[in-house]
Amino acid sequence: MARSVAAVKLEPKPEPWAAEAEEGSSVVPRSMEGPPFPAPFVAKTYEMVSDAATDAVVSWAPCGAGNTFVVWDPQALATGILPRFFKHANFASFVRQLNVYVWLLETLLNW
């Protein structure tokens, strides 16, 4: 059975305020409706830790409240799991990026 693939070109929708900016009137910021989406790194990390198939390597902390995870096998995480979720297999880079988000969260909470 032959499969056919159709190419679809998606045109971006014009922003409602774009016409106003071209006419010289002031641009009004858009309101953010709903909760903000998490950064891709945060969403991928959550998905990776929540996956029951990865529990032997990385899982939520046994006594935690769902806000802490443990890497049980850093080597297995780097070689087998990180490349499935990220564009690299470098455990040190993952930890560095994680620390950036921890620092950012602490900074915002203490602001």
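Start at the lining of the largest pocket: its largest share, 7 residues, comes from H4. Select helix H4 at 91–109. Helices here are DSSP runs of H or I with at least four residues, strands are runs of E with at least two, and both are numbered from the N terminus. This is a predicted model, in which local features need pLDDT of at least 70, side-chain atom pairs count only at pLDDT 80 or more, and totals for chains, interfaces and linings use all residues. Residues are numbered from 1 along each chain as its sequence is written, and side-chain values use heavy atoms, with hydrogens and water left out.

**The pocket**

Now select Val42, Leu98, Tyr101, Val102 and Leu105. Of the 17 lining residues, these lie nearest the centre of the largest pocket. H2 and H4 are the elements that give two or more residues to this lining. The lining divides into 12 nonpolar, 4 polar and 1 charged. The volume is about 560 Å³. (A pocket is an open set of points on a 1 Å grid over the protein atoms alone, where a 1.4 Å probe fits, with protein on both sides within 12 Å along at least five of seven lines; lining residues have an atom within 4 Å of a point.)

**Helix H3**

Go to H3, residues 74–85. Select Leu77, Ala78, Ile81, Leu82 and Phe85, the buried residues of H3. They cover an arc of only 140° around the axis, so they sit on the same side of H3. (The arc is that of the directions from the helix axis to the C-beta atoms; buried means under 20% relative accessible area with a 1.4 Å probe and protein chains only, exposed over 50%.) The buried residues of H3 pack against H2, E1, strand E2 (69–71) and H4.

**Leu77**

Zoom in on Leu77. It counts as buried because its relative accessibility is 0%. Beyond its neighbours within four places in sequence, Leu77 is in contact (heavy atoms within 4.5 Å) with residues including Met48, Val71, Phe91 and Phe94.

**Thr54**

Where does Thr54 lie? It is in the loop between helix H2 (40–50) and strand E1 (58–60). At 2% relative accessibility, Thr54 counts as buried. Show its side chain: it reaches the backbone oxygen of Met48 at 2.8 Å. Leaving aside neighbours within four places in sequence, Thr54 also has contacts with Ile81 and Arg84, among others.

How values were computed
Polar contact = N/O pair within 3.5 Å; in protein donor to acceptor, adjacent residues only side chain to side chain. Points joined across faces, edges and corners; volume = space filled by probe spheres on them. Nonpolar A, V, L, I, M, F, W, Y, C, P; charged D, E, K, R; others polar.
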